[in-house]
Amino acid sequence: GYSPSEKVIYLNIVGRHLADILRTLAHELVHRKQNQDGVLHQYAGETGSEHENEANSIAGVIMRNYGKQNPKIYEDSRKMM
């Protein structure tokens with residue numbers, strides 16, 4: 001999650017696939033940018049809100065582009081050990 005008051009992103013990475021972690025990071029970075037632009041408000045993270053939809057959309061584009069250049073992020077992490 002992103003804490004606007006602290007300007008900090010918190011990520012839970014335990015037991016999660018790398019691609020999911022990176023998508024979450026991209027999503028929260030969009031919220032950070034929204035806050036920087038002064039458009040983030042108390043209810044911006046509500047499911048279906050324009051700010052949440054924007055974060056989901058941009059994170060998807062970032063991951064699609066990054067995944068094309070780095071397809072190994074989609075591999076099963078158990079195979080990498």
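Reader: Hi! Let's start with the two helices: is the crossing of α1 and α2 left-handed or right-handed?
Author: Hello! The crossing of α1 and α2 is right-handed. A crossing gets that name if the near helix is turned clockwise from the far one by less than a right angle, and left-handed if it is turned anticlockwise.

Reader: Where does this model come from, and how are residues numbered?
Author: The model is predicted, with local features needing pLDDT of at least 70 and side-chain atom pairs counting only at pLDDT 80 or more, while totals for chains, interfaces and linings use all residues. Residues are numbered from 1 along each chain as its sequence is written, and side-chain values use heavy atoms, with hydrogens and water left out.

Reader: Back to the helices. At what angle do α1 and α2 cross?
Author: Their axes cross at roughly 130° and come within 8 Å, with α2 covering residues 50–69. That makes α1 oblique to α2. The axes are lines fitted to C-alpha atoms, for helices over the stretch in contact, and the angles run from 0 to 180 degrees between N-to-C directions. Under 35 degrees counts as roughly parallel, over 145 as roughly antiparallel, 65 to 115 as roughly perpendicular, and the rest as oblique.

Reader: Which residues make the contact?
Author: On the α1 side, they include A19, L22, A26, H27 and V30. On the α2 side, E52, A55, N56, A59 and I62 are among them. Contact here means heavy atoms within 4.5 Å.

Reader: I spotted H27 there. Is H27 buried or exposed?
Author: H27 is buried, at 4% relative accessibility. The cut-offs are under 20% relative accessible area for buried and over 50% for exposed, with partly exposed in between (1.4 Å probe, protein chains only).

Reader: And what does H27 touch?
Author: H27 sits in α1, which spans residues 18–36. Apart from neighbours within four places in sequence, H27 is in contact with E52, A55, N56 and A59. The side chains of H27 and N56 are also joined by a polar contact of 3.0 Å. A polar contact is a pair of N or O atoms within 3.5 Å; within protein, one must be able to donate a hydrogen and the other to accept it, and residues adjacent in sequence count only if both atoms are side-chain atoms.

Reader: What about I62, how far is I62 from L22?
Author: Their C-alpha atoms are 9.4 Å apart in space, and the residues are 40 apart in sequence. I62 lies in α2 and is partly exposed at 40% relative accessibility.

Reader: New topic: how many salt bridges are there?
Author: A search of the whole structure finds two. A salt bridge is a side-chain nitrogen of Lys or Arg within 4 Å of a carboxyl oxygen of Asp or Glu. One joins R16 and D20, with the closest N and O atoms 2.9 Å apart. The other is between D37 and K33, at 2.8 Å from N to O.

Reader: Why can side chains pair like that?
Author: Side chains of opposite charge can pair when their charged atoms come close.

Reader: How exposed are D37 and K33?
Author: D37 is partly exposed at 47% relative accessibility, and K33 is partly exposed at 45%.

Reader: Where is R16, and what else does its side chain contact?
Author: R16 is in the loop between β2 (8–9) and α1. Its side chain makes a polar contact of 2.5 Å with the side chain of T24. R16 is partly exposed at 25%, and D20 is partly exposed at 33%.

Reader: Zooming out, in what order do the elements of the chain run?
Author: From the N terminus on, they run β-β-α-α, giving two helices and two strands. Helices (H or I, at least four residues) and strands (E, at least two) are DSSP runs, numbered from the N terminus. The chain has 81 residues, and 27% of them count as buried. Its C-alpha trace spans about 40 × 25 × 20 Å along the principal axes.

Reader: Last one: what is the phi of K7?
Author: K7 has a positive phi of about 55° although it is not a glycine. Most residues other than glycine have a negative phi. K7 is in the loop between β1 (2–3) and β2, and K7 is exposed, with a relative accessible area of 52%.
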